Amino acid sequence: MIQAVIFDLDGVIVDTAHYHFIAWKRLADELGIPFTDKENEQLKGVSRMRSLEIILELGHAQLPAKTKEELADKKNQWFVEYVHAMKPDEIFPGVKELIAGIRARGMKVALASSSKNADAVLTLLDIKNLFDAIVDGTMIKHTKPDPEIFLLAARLLHVSPADCLVFEDAEAGVEAALAAGMKCVGVGSVYQLPRAHYHVASTANFTVSQIEKI
Ligand code: G6P
Ligand code: MG
């Protein structure tokens, strides 16, 4: 029976996935590398540097490590600018209520995001208090699809991985959840996330009573 629910952040709780995309798109345009929302799917859930490397691979480009650091920093500055202009009401509708319902039924709730900006985003949205545990990109060695982030979240919650349900919008995130031995709700279509156990168009479309039946 599910005892804990672990949420990804970008694209699951708030539409920051869009801000990551437009910042990477801006950089890819500057580099002259064709980049659309289709290619962007590969960037979801992975680290900042890995994202840049994927874009460079798409453009068959190779750059020195120092230049890559500079480009990744530049993208991050744009992302931080976009996020600071965000309003607390940009959290996806129904998410707070879903989390409150999960907690009211005695299940634990964690956040597990590969982003090093996760703490800042949660603070801007004023939602840190919704979670019993928060794991972000500053706390892990390997980002998704490695299971490390979800296994750490389960450990912090004192819940066995098999009793955890993950909400993910990224292919790398679904793979990480499966590798951790957890059940996974894919936020997106079955075509985008074929390996997730369940699918919803939006996080809050999955109800607490559905979770209790897993
Ligand atoms: C999340 C997002 C990715 C992002 C990564 C690193 O996993 O889905 O799109 O690249 O975090 O985020 P950061 O804020 O550390 O650059
Ligand atoms: Mg995500």
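Before I turn to the metal site, let me say that donors here are N, O and S atoms within 2.8 Å of the metal, and that water is not among the atoms, so sites may look incomplete. What I am showing is a predicted model, and with that in mind, the magnesium ion, ligand 2, is coordinated by Asp 8 through OD, by Asp 10 through O and by Asp 169 through OD, at 2.0 to 2.2 Å.

Along the chain, the donors of this magnesium ion follow the spacing D-x1-D-x158-D.

Now to the pockets. The second largest pocket, with a volume of about 190 Å³, is lined by 15 residues, and Asp 169 is among those nearest its centre, together with Gly 11, Val 187, Gly 188 and Ala 201. That lining divides into six nonpolar, five polar and four charged residues.

The largest pocket holds about 560 Å³ of space, and of the 33 residues that line it, Val 46, Ser 47, Arg 48, Ser 114 and Ser 115 lie nearest its centre. Helix 1, helix 3 (48-58) and helix 4 (65-84) each supply at least two residues of this lining, and helix 4 gives the most, with five residues. By class, the lining of the largest pocket has nine nonpolar, 12 polar and 12 charged residues.

Definitions and conventions: Residues numbered from 1 in each chain as written. Chains lettered and ligands numbered in written order. Predicted model: local features only at pLDDT ≥ 70, side-chain atom pairs only at ≥ 80, totals over all residues. Heavy atoms only, no water. Donors = N, O, S within 2.8 Å, 3.2 Å for Na, K, Ca; no water. 1 Å grid on protein atoms, 1.4 Å probe; cavity = no way out; pocket = protein on both sides within 12 Å on 5 of 7 lines; lining within 4 Å. Points joined across faces, edges and corners; volume = space filled by probe spheres on them. Helix = DSSP H or I, 4+ residues; strand = E, 2+ residues; numbered from the N terminus. Nonpolar A, V, L, I, M, F, W, Y, C, P; charged D, E, K, R; others polar.
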